[in-house]
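Here are a few exercises to work through with the model open in your viewer. Try each task before you read its solution.

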Amino acid sequence: MDTTYILLQNYWWFVISLLGALLVFLLFVQGGQSLLFSLGKNEIQQKMMLNSTGRKWEFTFTTLVTFGGAFFASFPLFYSTSFGGAYWVWIAILFCFVIQAVSYEYQSKKGNLLGKKTYQVFLMLNGIFGPVLLGTAVGTFFNGAEFTVNKMNLTDLGMPVISSWNNPLHGLEAVFVVWNVCLGLAVFFLARIQALLYFINNINDVEIGKRARKRLIPETALFLVFFLAFLIHTFVQDGFAINPETKEVFMQPYKYFTNLIEMPVLFVVLLVGVAGVLFGILKTIFAGSWKKGIWFSGVGTVLTVLVLFLCAGWNHTAYYPSVTDLQSSLTLENSSSSKFTLTVMSYVSILVPFVLWYIFYAWKALDLRKIDQKEMEEGAHTY
Amino acid sequence: MVENIDTSLIDWSRAQFALTAMYHWLFVPLTLGLGVIQAIMETIYYKTGDAFWKNAAKFWMKLFGINFAIGIATGLILEFEFGLNWSNYSWFVGDIFGAPLAIEGILAFFMEATFIAVMFFGWDKVSKRFHLASTWLTITGATLSALWILVANAWMQYPAGMHFNPDSVRNEMSDFWAVVLSPVALSKFFHTVLSSWIVGGVFVVGVSSWFLLKKREIRFALASIKIGAAFGLVATLLTAFTGDSSAYQVAQIQPMKLAAMEGLYEGGNGVGLVTVGVLNPAKQTYDDKVNPFLFNIQIPKLLSFFAERDLNAYVPGIINLIDGGFTESDGTVALSAEEKIARGKMAIKALADYKQAKKDKDELAAKEYRVTLESNFNYFGYGYVREKTDLIPPIGLTFYSFRIMVILGGYFILLFIVAMIMENKKKMEKATWLQWICLWSIPLAYIASQAGWIVAEVGRQPWAIQDILPVSASVSHLSTGSVQTTFFLFLGLFTILFVAEVGIMVKAIKKGPQFENLSN
């Protein structure tokens, strides 16, 4: 096979992985929403929290949409198979995000029909189920899903659909796989940790800061339990490998751990990532006035999740395995767009650093002045 | 067991997509139109330093924000529905269709998401210049988003810049610029965005008229009408111009849609354009010889002129398109629907034979089947069509929607001209009758906008990709019950959110702009 094409497929898996990793970091918005009623003890504190995450929610939302769009453009067979098959789990995820999209803007506005509390509950539901369901869905990248793909169905005039889901629950069965849920809960608690660190950095309020630091301890403990359980299980389980000669998918013992050994750079990046997350958390807990934990933890999160995604797709690994029919599993090779499209998209991706630059610039400009009670009471545009 | 796609699944999948698209399209036009008007007002503030304009811009921004949020919510579902409900489509053309969506995310959504935060929260945090740039970049991002999604939509109506690859069993992009710069994409983009500006113009003029009726915020209302009406008039005239080129392209590439728009069953030379008409409900089938109209008024030869730029040109009707046999503009004789269906089936069978020959390593046979496939590929989608009458889109909906859109377009030109004249002559403040008309024109702008989409999308049925893939072969393999459930789920959710949005808008308008603090 054309080596440039293989390179492009791997490059695009890297882009998808990076978008996924950035999305997990940006789920701090959801984490913050899930803490709304427990961390914010009165209305003004809740307002500060809502305005803190509320000025960033569109980044999470946009990253989710771009993640979907980029997956569609680069690996359309995944888009086709997973969304059309695991229908209910994706519907549940989308539903969670739809109710978020209006809730920030509408919750404190007069005439909003449902009342402030309802929109805040919407935000909390998004905050809880968004990360859990996204994590659970990504868990199927390692544990498989129940589908078959037969491209020749296109020549069947009665039933030309090429992808079929083989479980009547259409994706909801993923929540009955304990290791998928483990990843979902790990993502959920990580989102809450990031939110706490973000509040400490972004809200100028002694009480919230103190409570957030205290809260970091149990959240971190729970995160570690679920994350380590998932990680250890993933590294010791059989993985979905591809025979580079025959392109057949087969089960290989310790496949994901082998991937790390065979790609030592990823191993190092994973260690750096985990260290970054833990450093950000621990220094925030132990150094009372330190507020930069979000950046260490955030970068660590991006690196860690990036490696997990890369391990799922690189090094002759089927990134979306079928447990119904191993040979229907999706690989970078059998599910990607054409060389021409990947090339065009790669030119577009050159603009990504420019996009990141202006996001950084605007983010910095807005966050120069931290959120405080005074701003909430000034009557400027607030949620 | 031989399995067939349930036709009710196709209909419910269409209904769900139509529901989401129509709800989404309630909010997008206002975003695109109002976004420019508020940016113009902020620019005046930047140039003059007059805080009146800052407060005016802030008022419209508040309404923009309320509308924007629900537009995002419905847009999210729309994007993912391509995979959720149209999974076969997503594979078959994802190589081409996915790229504009990804570019939309990378280049447009992030621009919107980044700068809208600065626009709303940055008034006292960033410089005036940076804030103004953010306001313009927000609407630029929204417009770029429209560009890419309309490129994708235009490609579905006019699949350019691609070829079918039998080895990967899908269509693949071969010319990116042919996709992006196709004449259909360009005119669709300008027509849609400019028509959205009309919605923005009517909205601003209408809301401002309400203030005049209530004898409140007079300076603000008159200033807004001045800008809104001028902006709206320019937009309406340009929309009419781009509408003409859109109609010309429809005639060239989607003649069945044009026939449906006109209720034209029997074509001919020098065909007239129906200005107004009432369709005959007694007409049951395309070839039953029943007069399609109870009543209609035509402008002689005008349809021929619009369709071919020639007063005497031939325009085929529905009967001609189904029966074939007429001479196309390129001199070839048109195939009948039955011939096209037969050639489509040949193409699909050739694909199956090609793949089998490849599997058997019979390269000679594979080459022959490939030639058969390629020579019939232009009719590939017809192979999935069961009845030739399935090729006729819903006539009534398309015909009436087209007339509503065009008539309202003409009405808006008149409305904006009158509003501008009255404003210039300082008579707007006293013209209660005109203020009422402007106020009640707001829903008309939305009706015109929705009607436009109905013409574009209903008129192209049964095709997901023109001639290449019908909707019946595009769906996901789901139970009808699942799609029905989500249809009603989204219907309920969107309706609740829509009612909430209108409620918030009304309250925000009643509160009015805040002019207490006139400091810069």
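**Exercise 1: a helix pair in chain A**

Helix α12(A) makes a left-handed crossing as it passes α13(A). Keep in mind that you're looking at a predicted model.

Task: work out how the axes of α12 and α13 of chain A are placed, and at roughly what angle they cross.

Solution: Start with the two stretches: α12 of chain A covers residues 264-286, and α13 of chain A covers residues 293-313. Their axes come within 7 Å and cross at roughly 150 degrees. Angles over 145 degrees count as roughly antiparallel, so that's the label for α12(A) and α13(A). Now look at who does the touching: the α12(A) side includes A:G273, A:G276 and A:G280, along with A:V269 and A:F279. From α13(A), the contributors include A:G293, A:G300, A:F296 and A:L303.

**Exercise 2: two serines in chain B**

Task: find which helix holds B:S145 and which holds B:S441, then work out what the side chain of B:S145 and that of B:S441 reach.

Solution: Take B:S145 to begin with. It's in helix α4 of chain B, residues 128-157, and is buried at 9% relative accessible area. Not counting residues up to four places away in sequence, B:S145 touches B:E104, B:A108, B:F109 and B:E112. One of these, B:E104, also makes a side-chain to side-chain polar contact with B:S145, at 2.8 Å.

Move on to B:S441, which lies in helix α14 of chain B, residues 432-458. Its relative accessible area is 0%, so B:S441 is buried. The side chain of B:S441 goes to backbone: it reaches the oxygen of B:I437 at 2.7 Å. With neighbours within four places in sequence set aside, B:S441 is in contact with B:V202, B:Y411, B:F412 and B:L415.

Technical notes:
Residues numbered from 1 in each chain as written. Chains lettered and ligands numbered in written order. Predicted model: local features only at pLDDT ≥ 70, side-chain atom pairs only at ≥ 80, totals over all residues. Heavy atoms only, no water. Helix = DSSP H or I, 4+ residues; strand = E, 2+ residues; numbered from the N terminus. Buried < 20%, exposed > 50% of the residue type's maximum accessible area, 1.4 Å probe, protein only. Contact = heavy atoms within 4.5 Å. Polar contact = N/O pair within 3.5 Å; in protein donor to acceptor, adjacent residues only side chain to side chain. Axes fitted to C-alpha atoms, helices over the stretch in contact; angles between N-to-C directions. Parallel < 35°, antiparallel > 145°, perpendicular 65-115°, else oblique. Left-handed = near helix turned anticlockwise from the far one by under 90°.
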